Amino acid sequence: MSTASETPVLDTLAAMTVDSLERCGLAPDMLLMTRIAALAASDAPPISYAAHIDPALQAGLTAEQLQDVLVAIAPIVGTARVMTAAGNITAALGIAIAVAEAEIEAQG
């Protein structure tokens, strides 16, 4: 099986995300909070959180709301997963900042 794309994995993930969004009736902020909770529960790496930073900001989510999500799920997923999620979110924010700075530098 060959593919015309040079990024078949990313293309598949993007298509899955679009399909999910089209089938979901949650408001954007609730959808993103749910996804953040799922990422924490599944012990996702920083790059998974990085994909949700811009949409979360566009949906108007605050750092306090993201913290509230972690507080809410802590009794279910456990301390270790919540602490790992907090660290991974911090790492994802660092990635986003570095990318933004590189884009600014490339433009200037």
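1. Contacts across the sequence. Residues 24 or more positions apart make up 63% of the contacts in the chain with a separation of 6 or more, a contact being heavy atoms within 4.5 Å. The model is predicted: local features need pLDDT of at least 70, side-chain atom pairs count only at pLDDT 80 or more, and totals for chains, interfaces and linings use all residues. Residues are numbered from 1 along each chain as its sequence is written, and side-chain values use heavy atoms, with hydrogens and water left out.

2. Overall make-up. Helices (H or I, at least four residues) and strands (E, at least two) are DSSP runs, numbered from the N terminus. The C-alpha atoms fill a box of roughly 45 × 40 × 25 Å along the principal axes. Of the 108 residues, 21% count as buried; buried means under 20% relative accessible area, exposed over 50%, and partly exposed in between (1.4 Å probe, protein chains only).

3. Helix H2. H2 has 14 residues and reaches 20 Å from its first C-alpha to its last, close to the 20 Å expected at 1.5 Å a residue. The expected span is 1.5 Å times one less than the number of residues. Its buried residues are Leu-31, Leu-32, Met-33, Arg-35, Ile-36, Ala-37, Leu-39 and Ala-40. These residues pack against H1, H3, H4 and H5.

4. Asp-43 lies in the loop between H2 and H3. Its phi is near 60°, a positive value in a residue other than glycine. Most residues other than glycine have a negative phi. Asp-43 is partly exposed, with a relative accessible area of 38%.

5. Helix H4. H4 (residues 63–77) has 15 residues and spans 20 Å from first C-alpha to last, close to the 21 Å expected at 1.5 Å a residue. The buried residues of H4 are Leu-66, Val-69, Leu-70 and Ile-73. An α-helix has 3.6 residues a turn, so residues three or four places apart point the same way. The buried residues of H4 pack against helix H2 (28–41) and helix H5 (79–107). Just after H4, Gly-78 takes a positive phi of about 100°.

6. The nonpolar core. The largest nonpolar core has 19 residues, of which Ile-36, Ala-40, Tyr-49, Leu-61, Leu-70 and Ile-73 touch the most other members. Such a core is a set of buried Ala, Val, Leu, Ile, Met, Phe, Trp, Tyr and Cys residues joined through side-chain atoms within 4.5 Å. H2, H3, H4 and H5 each give two or more residues to this core, and H2 gives the most, with six. Leaving aside neighbours within four places in sequence, Leu-61 is in contact with Asp-29, Leu-32, Met-33, Ala-56 and Leu-66.

7. Asn-88 is in helix H5 and is buried, with a relative accessible area of 14%. Apart from neighbours within four places in sequence, Asn-88 is in contact with Ala-44, Pro-45, Pro-46 and Tyr-49.

8. The largest pocket. About 490 Å³ of space lies in the largest pocket. Of the 16 residues that line this pocket, the closest to its centre are Leu-13, Thr-17, Arg-35, Ala-51 and His-52. Helix H1 (8–23), H2 and helix H3 (46–58) each give two or more residues to the lining, with the largest share, six residues, from H1. By class, the lining has twelve nonpolar, three polar and one charged residues. Here Ala, Val, Leu, Ile, Met, Phe, Trp, Tyr, Cys and Pro count as nonpolar, Asp, Glu, Lys and Arg as charged, and the others, Gly among them, as polar.

9. How pockets are defined. On a 1 Å grid over the protein atoms alone, a pocket is an open set of points where a 1.4 Å probe fits, with protein on both sides within 12 Å along at least five of seven lines; lining residues have an atom within 4 Å of a point. Grid points are joined across faces, edges and corners, and a volume is the space filled by probe spheres set on the points.

10. The second largest pocket. Its volume is about 390 Å³. Among its 18 lining residues, Thr-62, Ala-63, Leu-66, Ile-89 and Leu-93 lie nearest its centre. H3, H4 and H5 each supply at least two residues of the lining, and H5 gives the most, with six. This lining has 15 nonpolar, three polar and no charged residues.
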